[in-house]
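Thanks for coming, everyone. I'll keep this quick. Let me put the structure up.

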Amino acid sequence: MRAVQIARYGDTPTVHDVEQPFPGPGEVLVRVTGAATNPLDLKITAGYMHDFFPVQFPYTLGTDVSGTITALGDTVHGWNVGDPVVARLDPSDGGAYAEFAVVPADQLVHAPTSIPLFLAAGAATAAATAWQAITEIADIHAGQRVLIHAGAGGVGSFALQMARTLHAHVITTASGPGLHIAHDLGADEVIDHTSGPFGSQLADIDVVIDTVGGAVEEQSLDVLRHGGLLVAVPMPPDTDRASARGMRAEFLFHASDPQRLATVIGMLDGDIRVLLDQTLDLDEAPQALQYLAAGHAKGKVILIPQTP
Ligand SMILES: NC(=O)c1ccc[n+]([C@@H]2O[C@H](COP(=O)([O-])OP(=O)(O)OC[C@H]3O[C@@H](n4cnc5c(N)ncnc54)[C@H](OP(=O)(O)O)[C@@H]3O)[C@@H](O)[C@H]2O)c1
């Protein structure tokens, strides 16, 4: 089968013909329908995540997978060949950028029934991260003023929609076509981040979900109310700087959690949309990753293995 692999940190991911994997006890084999790309895949490839997610080489990229079960390992109960499923693989194991992926049965969730199976892969990391930010770290609720950066990005597009379903007043940042996209997804206010610092346009924000970092984190403290919360997604925030100004700042560390994943996958049969930037064939994974690295994706870029 084809799989997109690196042989060492810093390698360019390349498509290889490899042995089809075999599910061990407690695992299933999934024929991959969709493998969503994430900035995490780039960070792992570069070696930046080694302290958190050490990998073994050759390493097959990809954490976000949807597909159909084709084989069951020993001691797997409650799942059947033919079941459509979604999973978030342990980043240290990877394995989603391939025609077949081995998935621990305890990480499987049933696929949504009302959207194409490939599209559901787009929620595995991004939607679950957004839900973690909004409900587990921030506890966003009705009437709060919430600023979500990059409302047309992977995590931001889910966070924006989820915060709206909780009846928060949602302000988001975007640019170009992202401005319309963020409005369509339900943002109450959309700020063009290319039109200058947003700090002068906002005040009294209860919660900022920062999916960008750097200068955006710094400026976010200027718009938070006293006692407000910054949820930092790309990197650990400067908590001292925040507390010196009477604010809280927390880093979100996303670990796979099948219960949380089942919750967000269930939302895809309701009000929450997977914003799709584009699909590409598995062979085009290097181009997909280059595009992602440029930092302007509008939603999810999903690889689809076109099995001959
Ligand atoms: N801590 C964790 O466990 C965890 C979990 C998930 C993700 N992450 C991290 O969170 C970050 C976001 O992930 P993602 O999947 O959402 O990324 P993404 O989809 O690749 O983000 C791209 C989006 O960012 C927007 N953007 C870039 N610069 C911006 C700025 N200055 N202001 C506002 N928007 C801007 C782009 O819009 P424009 O085209 O308008 O620039 C684009 O729509 C990544 O660093 C990722 O690694 C961390």
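I'll start with the whole chain, then walk through a few single residues.

First, the ground rules. This is a predicted model, where local features need pLDDT of at least 70, side-chain atom pairs count only at pLDDT 80 or more, and totals for chains, interfaces and linings use all residues. Residues are numbered from 1 along each chain as its sequence is written, and side-chain values use heavy atoms, with hydrogens and water left out.

Now the overall picture. The protein has 9 helices and 16 strands. Helices (H or I, at least four residues) and strands (E, at least two) are DSSP runs, numbered from the N terminus. What about the radius of gyration? For 308 residues, a compact globule would come out near 19 Å, and the protein has 19 Å, so the two agree. That radius is taken over C-alpha atoms, and the globule rule is 2.2 Å times the number of residues to the power 0.38. Along the principal axes, the C-alpha atoms fill a box of roughly 55 × 40 × 35 Å.

Next, burial. Of the 308 residues, 53% count as buried. Buried means under 20% relative accessible area, exposed means over 50%, and partly exposed is in between (1.4 Å probe, protein chains only). Contacts (heavy atoms within 4.5 Å) are next. Take those between residues at least 6 apart in sequence: 65% join residues at least 24 apart.

Charge. There are 15 positive and 35 negative side chains, and the centres of the two sets lie 5 Å apart. Lys and Arg count as positive, Asp and Glu as negative; His and the chain ends are not counted. Each charge is placed at NZ of Lys, CZ of Arg, CG of Asp or CD of Glu.

One annotation. An unreviewed UniProt entry places "domain: Enoyl reductase (ER)" at residues 10-303. UniProt positions are in the numbering used here, feature names are shortened, and annotations may be inferred rather than shown by experiment. The span is 27% helix and 27% strand, and its end C-alpha atoms lie 21 Å apart.

Now single residues. Start with N38, in the loop between β3 (27-36) and α1 (39-46). Is N38 buried or exposed? Buried, with a relative accessible area of 4%. Setting aside residues up to four places away in sequence, N38 touches T63, D64, Y97, T125, A126, L292 and K300.

S92 sits in the loop between β6 (84-88) and β7 (100-104). At 19% relative accessibility, S92 counts as buried. Beyond its neighbours within four places, S92 contacts F53, P54, V55 and Y59. S92 and I44 are 48 residues apart in sequence, yet 8.8 Å apart in space, C-alpha to C-alpha.

Now the backbone. A cis peptide bond joins F57 and P58, with omega about -5 degrees. P58 is in the loop between α1 and β4 (59-60).

Which phi values are positive? A150 has phi near 60 degrees, a positive value in a residue other than glycine. A150 lies between β9 (145-148) and α4 (154-165), in the loop, and is partly exposed at 24%. H167 has phi near 65 degrees, also positive in a non-glycine residue. H167 is in the loop between α4 and β10 (169-174), and is exposed at 58%.

Last one: T263, in helix α8 (residues 258-267). T263 is partly exposed, at 36% relative accessible area. That's the tour.
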